[in-house]
Amino acid sequence: MSGHGPVQPGLGGGSMEVVAVIDFETTGLSPGQGDRATEVAAVILEDGRIVDRYQSLMNGGVRIPSFIESLTGISNAMIRRAPPAAEVMQEVADFVGDRPLVAHNASFDCKFWDAELARIERSRQQEFVCSLLLSRRIFPLAPSHKLGALVEYANLPVAGRYHRALADAEMAASLLLRLEDELRERHEVNDVSVQLLRRIQRVPKAQLTRCIARERSR
DNA sequence: TGCCAGGCCCTCTTTAGGGCCTT
């Protein structure tokens with residue numbers, strides 16, 4: 001299945017430049033070990049709202065291990081009927097365009113994004129923002145920084161079944177909006193830009209307050 | 001035969017080890 005859905009009300013209170021929040025389901029953890037994407041989703045965040053969405057299963061011709069079938073609910077039979085991975089990656093890359101990308105544990109999604117794009121002889125132009133790294137800094141007291149645990153901790157809506165691409169992308173989008181709200185309210189940062197988020201996710205935890213203070217004095 | 005990711009982050013650290021997080 002692929003397609004664009006209706007506009008939904010957002011959760012955030014402010015605005016940032018437009019970003020695309022993405023999520024992959026895959027056959028395993030490493031494209032370098034032969035793992036392939038089985039599903040991808042992207043949602044466009046604009047003015048604190050999800051304004052567009054893309055989701056598709058994708059057939060990379062690799063068998064899904066049974067424990068991952070159980071984890072995601074995506075079966076080998078579903079993938080056999082899915083469009084080719086190359087076709088889906090062309091669509092999703094066109095869908096997100098050159099917008100900055102956001103993912104929960106972005107190092108994982110970035111690996112698969114780059115590997116699947118390389119197979120269709122395309123390359124990523126934009127940077128990733130990582131909601132996991134941001135959460136570790138902005139919600140240091142959360143008992144866990146798994147996406148599901150953060151959704152519960154921040155009292156965010158559960159968008160659907162965990163470990164399905166669109167639900168996870170929507171929940172990561174909600175989480176990003178909540179993190180932006182925290183920066184505005186708790187640290188009195190008026191302009192939460194992608195550039196600021198990338199600085200925060202890289203700064204050592206102990207220097208977060210100093211980093212934000214510098215940002216506010218700009 | 002046996003093994004198989006990798007970046008981040010903390011601490012009993014930095015000449016290292018191990019947990020977290022993604023599927």
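## Aromatic cluster

Phe-24, Phe-108, Phe-112 and Trp-113 make up one aromatic cluster. The model is predicted, so local features need pLDDT of at least 70 and side-chain atom pairs pLDDT 80 or more, while totals for chains, interfaces and linings use all residues. Residues are numbered from 1 along each chain as its sequence is written, and side-chain values use heavy atoms, without hydrogens and water.

## Aromatic pairs

Rings of Phe, Tyr and Trp (its six-membered ring) pair if their centres lie within 6.5 Å; planes under 30 degrees apart are stacked, over 60 edge-to-face and the rest tilted. By this rule there are 5 aromatic pairs. One of them is the tilted pair of Tyr-54 and Phe-95, with 5.8 Å centre to centre and 40° between the planes. Tyr-54 belongs to strand 3 (residues 49–57) and Phe-95 to helix 3 (residues 85–96), so this pair ties together parts that are 41 residues apart in sequence. Both Tyr-54 and Phe-95 are buried (under 20% relative accessible area, with a 1.4 Å probe and protein chains only).

Phe-108 and Phe-112 also form a tilted pair, at 5.0 Å centre to centre and 50° between the planes. Both lie in helix 4 (residues 106–119), 4 residues apart, about one turn of the helix. Phe-108 and Phe-112 are buried.

## Helix 7

Helices are DSSP runs (H or I) of at least four residues, and strands (E) of at least two, numbered from the N terminus. Helix 7 has 23 residues (165–187), of which 20 are buried. At 1.5 Å a residue helix 7 should span 33 Å, which agrees with the 32 Å between its end C-alpha atoms; the expected span is 1.5 Å times one less than the number of residues. Just after helix 7, Glu-188 has a positive phi of about 55°.

Conventions. Chains lettered and ligands numbered in written order. Buried < 20%, exposed > 50% of the residue type's maximum accessible area, 1.4 Å probe, protein only.
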